[in-house]
Amino acid sequence: MLSYSADFLQIKVFSMFHLFFDIWESSMTYTSLSYLLLVGICLVLYYLLPLRFRWYVLLIGSAVFYYYAAGKGKKILAVFLLSIVISYLSGIIMDKAGQKKNKLYLAVAIVASALPLFLARGNDLFLTGILHKPGLNLIIPVGLSFYSLQMIAYLSDVFHDRIKVEKNFLKYALFISFFPQIIQGPIPRFADLHEQLTEGHRFDDDNFSKGFIKIIWGFFLKFMIADRAGTFVDSVFVSGSGGETIDTAGSYILLAGILYSIQLYTDFMACTTISQGVSLLFGIRIGENFDHPYFATSVQDFWRRWHISLSSWLRDYIYIPLGGNRKGKVRKYINVIITFAVSGIWHGGGLKFLFWGLMHAFYQVYEGLTKSIRTKAYDALQMSDDSAVKKLIRTIWTFFWVMLAWIIFRIDGLRKGIIAVKTIFTDFDGWRLFDFSVFSNFGLDWKDWMVLLFSIILLFVVSWKEEHGLVVSDWIIKQHIVLRWTIYIVLILIVWVFGSYGYGFDAKDFIYGGF
Amino acid sequence: MKKNIIRAVKLIIFSSILFTTLYLANAITEPKYTVANSSWPTTASYNQFYQMKKNTVDVLFLGSSVCVNAFNPQVIYDEYGIRSYNLGSEQQSVFLSYYWLKEALRYQKPKAVVLETKFFFPIHTSNSINTVEGLTRKCIDAMHFSPVKAEEIDDLCTIDEKFVKRTGNTENAQDTRLSYLLTNIRYHARWKELAEVDFKPSQAKSQQLKGYSALFDGGSKYTPFTPSDDSAYTAMDSLMSEYLDKIRTLCDQNGIKLVFARVPGDMDDGKNNAIVKYCSEYDIPFYNFAEKDLWDQLNVDTSTDRCNGHCNVWGAEKISRLMGSFLKNDIKVPSVDDDQWNDTEEYYQYMKNTGELARTSDIDEYLSKLDNKNYDIFLSAKGDASKALKSTTADELKKLGLKVNLADHQNSTYYAVIQNGTGKVIEKADDSSGKLTHSGTVRDRNVSYTVTSQKEAKDEVSSSIIIDGSEYSNDKTGLNIVVYDERLMKVIDAVNFNTSSSDGQTAKRQQTSD
């Protein structure tokens with residue numbers, strides 16, 4: 001027999017070395033093992049170092065994360081770093097200028113800092129979308145849409161003396177690049193975050209437990225709902241869209257629209273929840289980005305609940321500076337239209353995003369104009385504001401219109417999207433929902449559908465409880481350790497066994513990470 | 001300090017519970033290939049290898065599925081007393097053979113290694129190691145974790161990375177190193193097909209045929225190869241050639257006689273000459289069963305024997321006997337009396353008999369063969385199952401324990417379930433009812449069934465025999481019979497006899513177990 005003892009260690013170490021690099025070199029996303037490894041290393045270092053040095057760990061962690069998330073692209077890193085330097089210096093200059101500064105300072109600072117975002121959106125909207133010319137080959141840094149808004153808000157707040165300028169470049173760089181939220185937000189305000197990042201936190205059991213729960217829940221939302229629903233959505237909206245139109249009739253488009261609404265919500269919330277969870281492990285609290293948006297009873301209400309950090313940013317830095325609702329109804333509606341046009345363009349430069357934003361503006365103008373009529377109608381039907389039936393009707397109605405807008409948002413090409421929406425009304429083949437072809441034609445079998453359905457039901461129950469005041473993570477950490485650990489392990493096990501991930505599965509990046 | 005210690009203890013306990021749970025989940029969801037669920041029961045075959053006593057295997061067979069179906073260690077032992085083991089697996093390329101040989105040498109000191117030559121040449125060219133990803137996994141997963149396995153995975157992934165880089169072909173890429181450690185990455189969708197064996201891993205513990213896989217297909221014709229062109233030459237796959245050299249070196253280092261064999265199949269002068277050249281260079285015996293000389297020695301009856309491609313059990317017996325004679329006379333492998341082979345002789349014969357049943361055509365002979373305590377027999381009538389029932393057939397049915405005389409129930413619905421092991425017989429005939437159905441379980445309530453005989457209208461009749469959710473009835477006029485074997489834990493035959501027509505009482509098979 002051969003003797004293996006001599007090379008045993010060598011092979012073992014060699015394999016482990018390769019294994020480690022396999023993990024490390026895999027793409028860095030918020031659900032990747034490499035990310036969890038990075039978080040683990042940062043956590044150990046963070047709590048080992050003295051309080052005042054802890055923020056350096058976050059800074060180095062953010063640099064490492066961005067380096068890998070950007071695919072080690074040196075140009076991307078350079079553009080990102082340049083934006084940070086420009087916005088940092090702009091802040092310093094405005095601070096130095098004191099009372100002498102005028103709006104030109106702010107305009108120049110914003111344009112210079114967020115130039116990559118303006119170029120990217122202008123390129124997509126005007127060159128590609130309107131002029132139908134080949135777009136410029138621009139360098140698009142990871143998280144561009146999010147960190148640009150952060151910078152704009154920071155510069156505006158410095159300009160209006162709402163915050164003190166950050167003079168420490170590294171601390172400012174950490175605020176912009178904080179790794180748990182750089183890719184997909186939430187978009188933080190300097191006043192809310194910068195002290196939390198740099199002050200250093202002691203280990204706190206409750207924060208750690210809550211963070212852990214949030215991370216598990218984030219994985220549940222992503223792998224159990226978003227990516228599984230995405231398989232069906234992609235089959236209908238992408239695979240079936242080779243020609244000028246979506247190659248399917250109304251019922252599947254409606255079903256795909258509903259599922260895409262759920263996919264987008266759970267995908268985005270998964271990312272936010274994981275960001276919040278990871279931040280909490282370091283003792284840092286990131287604001288909520290969602291407040292059960294599909295329970296909204298109007299589109300206006302929807303935007304109070306959906307992507308809260310963006311909505312509040314648009315309110316504070318676009319809508320209110322435009323005059324908000326202070327200058328009469330007509331100006332108010334114009335401001336709404338401008339704000340949502342900006343929101344649309346922020347999501348992407350294509351015409352479809354602008355159209356999607358304008359749809360939401362139209363919805364809200366319509367809601368404003370018809371409010372008295374609708375109130376009278378409800379009164380005639382003797383439905384008070386507390387009426388559950390009224391709430392249900394309004395919730396379903398709101399969801400329906402939001403869902404139609406999501407179809408435009410999802411399908412590549414505005415014309416194709418409009419035709420798809422039209423098809424729901426003009427070519428509704430309802431029988432298809434009963435011939436079980438959804439189990440065979442769209443990448444999900446009946447077992448997948450069952451898992452998806454049960455997962456959505458669980459999400460609904462949790463959301464319903466939270467809508468009525470219960471904070472589920474707080475409730476869990478108050479339970480006996482046996483029940484608490486059982487909840488953790490069962491949830492992890494469910495995602496581990498039933499999740500949509502792994503070999504042969506087309507793992508999906510977080511959708512909002514692409515904006 | 002105390003608080004930190006409590007935290008650390010909690011962390012360790014929680015992590016232990018979590019990792020144990022996830023480990024168990026991975027163990028359950030990893031595929032297990034047994035006689036009951038696969039024609040090539042790789043998991044059970046390799047598991048049995050690990051249970052063999054140390055240094056008792058004198059000959060190892062390595063190669064792809066054609067090797068697994070051709071070389072039967074039981075037959076070789078019964079005939080020549082040679083203790084061999086078949087370590088082949090589906091699409092096992094030379095790369096995979098090398099590592100299984102290396103792994104085997106940790107436990108055994110074989111005197112000879114027989115390598116089947118099919119995979120010396122490029123076959124699956126869009127795959128880095130000449131084997132598709134799924135079957136690479138099937139081969140490697142069953143290997144115990146060891147330095148050899150770690151080296152194999154590392155080697156495989158390195159080769160595959162280079163292959164993908166060179167060809168740009170990511171579609172057929174092998175798995176990552178990590179997926180061998182965290183198997184859920186590979187088998188994340190396995191929850192959809194979990195079966196009894198996944199929760200009772202002891203069922204995959206061994207398959208008793210020492211790596212050989214018995215197939216029961218019908219006979220097959222084959223035109224043997226006759227060498228005609230000495231100048232033709234087909235180059236071996238470069239990676240296969242590299243690992244062939246490694247196998248040769250490994251054998252040399254361990255004093256093992258390396259032997260090449262080719263099961264009848266695709267063969268031409270180019271391939272033959274390349275192998276012969278290699279053999280003459282390194283003094284390796286080559287038994288080319290595809291060549292006319294050896295083929296003629298097999299004495300194949302093509303009506304019953306399949307000796308080419310995936311051999312059937314009768315064809316494999318002939319190839320194994322001839323191979324055994326070469327091992328005995330040319331390679332001088334000694335005969336040794338060993339209970340590890342003696343004890344499995346009965347199992348092999350039993351297995352073979354199930355194959356004999358599945359090729360029995362005459363109804364009376366067929367029914368007489370059902371007298372086996374491991375059989376559960378399901379009968380369901382479609383249409384008039386008694387119109388042309390012979391009295392001899394009625395007698396055979398009575399011998400199985402059936403009481404209903406079908407001759408008294410012309411054009412009736414009828415079903416029967418016979419559990420030979422317990423002697424339990426359930427049967428019912430009804431002249432008036434439109435539908436007769438019965439559900440129950442066999443094999444200690446582990447297998448569920450539903451038998452249906454339906455006569456909705458004059459021309460609307462059907463037969464259904466569902467076992468564990470799968471339909472097995474041929475649903476043809478007459479008696480539909482399904483035989484479930486409790487020992488092998490699978491349906492071994494599904495057949496129809498048209499007892500409604502006097503000239504149609506020979507077996508019609510639509511579906512047989514694999």
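Asp205(A) and Arg7(B) are joined through their side chains by a salt bridge, with 2.9 Å from N to O. The model is predicted, and this pair belongs to an interface with a count of 3 salt bridges between chain B and chain A. Residue pairs in polar contact between the two chains, both residues at pLDDT 80 or more, number 7. On the chain B side, helix H1 (2-29), helix H7 (147-167), helix H8 (177-181) and helix H10 (238-253) each supply at least two of the residues that touch chain A. H1(B) gives the largest share, 11 residues. By residue class, the side of chain B that touches chain A divides as follows.

| Class of residue, side of chain B touching chain A | Count |
|---|---|
| Nonpolar | 18 residues |
| Polar | 9 residues |

**Extent of the interface**

In terms of contacts, 43 residues of chain B meet 34 residues of chain A. The size of an interface is often given as the accessible area lost when the parts come together. Here chain B and chain A bury about 3500 Å² between them, and 69% of that area lies on carbon and sulfur atoms. Within chain B, the residues that lose the most area to chain A are Phe14(B), His188(B) and Trp191(B), which together account for 20% of what that side buries.

**Chain A**

Chain A contains 20 helices and 0 strands. Its radius of gyration is 24 Å, close to the 24 Å that the globule rule gives for 515 residues, so chain A is as compact as a globular protein of that length. Along the principal axes, the C-alpha atoms of chain A fill a box of roughly 80 × 75 × 55 Å. Of the 515 residues in chain A, 54% are buried. Among contacts in chain A with a separation of 6 or more, 75% are between residues 24 or more positions apart.

**A covered helix in chain B**

Which residues of helix H5 (residues 94-104) of chain B are buried? The helix is mostly covered, with 11 of its 11 residues buried. They are Val94(B), Phe95(B), Leu96(B), Ser97(B), Tyr98(B), Tyr99(B), Trp100(B), Leu101(B), Lys102(B), Glu103(B) and Ala104(B). The charged residues Lys102(B) and Glu103(B) are thus listed among the buried residues of H5(B).

The buried residues of H5(B) pack against both helices and strands of chain B: helix H2 (42-51), helix H6 (133-141), H7 and H10, together with strand S1 (59-62) and strand S3 (112-116). Two of these partners, H7 and H10 of chain B, also supply residues to the side that touches chain A.

Notes: Residues numbered from 1 in each chain as written. Chains lettered and ligands numbered in written order. Predicted model: local features only at pLDDT ≥ 70, side-chain atom pairs only at ≥ 80, totals over all residues. Heavy atoms only, no water. Contact = heavy atoms within 4.5 Å. Buried area = accessible area lost by both parts, 1.4 Å probe. Salt bridge = Lys/Arg side-chain N within 4 Å of Asp/Glu carboxyl O. Polar contact = N/O pair within 3.5 Å; in protein donor to acceptor, adjacent residues only side chain to side chain. Helix = DSSP H or I, 4+ residues; strand = E, 2+ residues; numbered from the N terminus. Rg over C-alpha atoms; globule rule 2.2 N^0.38 Å. Buried < 20%, exposed > 50% of the residue type's maximum accessible area, 1.4 Å probe, protein only.
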